[in-house]
Amino acid sequence: MERIEDCISFLVGKVGQQVTRRARELLAPYGITPVQYAVLKVLSESDGISGADLGARMVLDSASITGVVDRLESLGLVERRADSGDRRVHRIFATQKSRALQAPADAVMDRLNAEAYSILGGEDPDLPRRLRLLGDQKNWTHGV
């Protein structure tokens with residue numbers, strides 16, 4: 001490789017920085033970060049998920065998930081409840097406040113997607129699948 005600007009690691013890192021920066025800008029009026037939005041989005045699909053399952057879905061370690069959930073709880077957006085079958089397990093539930101926030105937050109993230117596709121020259125329905133392939137560590141091989 002002749003230039004760092006041609007390295008996929010560098011390029012994906014720069015893309016990640018720019019997308020995260022723009023997502024932060026768009027979500028700022030709602031008082032949440034991109035990671036907090038992602039947790040709320042998962043809860044909109046699977047309300048009452050355990051912290052461990054939430055971490056697995058988000059691909060975040062337990063300390064990171066605990067920190068995000070703590071902050072969301074302090075904002076009144078989620079609540080923890082002990083699991084009825086295992087009191088060691090806490091389930092995370094969206095509050096009414098977070099449910100009211102979901103539609104406008106989804107709209108700004110749709111805007112983010114539209115802006116990104118516009119920069120790339122138009123919507124590519126295959127792009128999310130291709131990006132997931134890169135993000136799936138099981139697909140990486142050694143010694144290629």
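Modeller: The buried residues of H2 are Pro-34, Gln-36, Tyr-37, Val-39, Leu-40, Val-42 and Leu-43. Bear in mind that this is a predicted model. Helix H2 covers residues 34-45, 12 residues in total. From first C-alpha to last, H2 reaches 17 Å. That is close to the 16 Å expected at 1.5 Å a residue.

Now the packing. H2 packs with helix H3, residues 51-58, at an angle of about 115 degrees. The axes of H2 and H3 lie 11 Å apart. Their crossing is right-handed. On the H2 side, the contact is made by Val-35, Ala-38, Val-39, Val-42 and Glu-45. H3 brings Leu-54, Arg-57 and Met-58. By class, the contact of H2 with H3 has 6 nonpolar and 2 charged residues, with no polar ones.

For context, here is another helix pair. Helix H1 (residues 8-27) and helix H5 (residues 96-120) cross at roughly 145 degrees, and their axes come within 10 Å. H1 passes H5 in a right-handed crossing. H1 supplies Val-19, Arg-22, Ala-23, Leu-26 and Leu-27 to the contact. From H5 come Ala-105, Val-108, Met-109, Arg-111, Leu-112 and Glu-115. The contact of H1 with H5 divides into 8 nonpolar, no polar and 3 charged residues.

Terms used. Residues are numbered from 1 along each chain as its sequence is written. This is a predicted model: local features need pLDDT of at least 70, side-chain atom pairs count only at pLDDT 80 or more; totals for chains, interfaces and linings use all residues. Side-chain values use heavy atoms; hydrogens and water are left out. Helices (H or I, at least four residues) and strands (E, at least two) are DSSP runs, numbered from the N terminus. The expected span of a helix is 1.5 Å times one less than its number of residues. Buried means under 20% relative accessible area, exposed over 50%, partly exposed in between (1.4 Å probe, protein chains only). Axes are lines fitted to C-alpha atoms, for helices over the stretch in contact, and angles run from 0 to 180 degrees between N-to-C directions. A crossing is left-handed if the near helix is turned anticlockwise from the far one by less than a right angle, and right-handed if clockwise. Contact means heavy atoms within 4.5 Å. Ala, Val, Leu, Ile, Met, Phe, Trp, Tyr, Cys and Pro count as nonpolar, Asp, Glu, Lys and Arg as charged, and the others, Gly among them, as polar.
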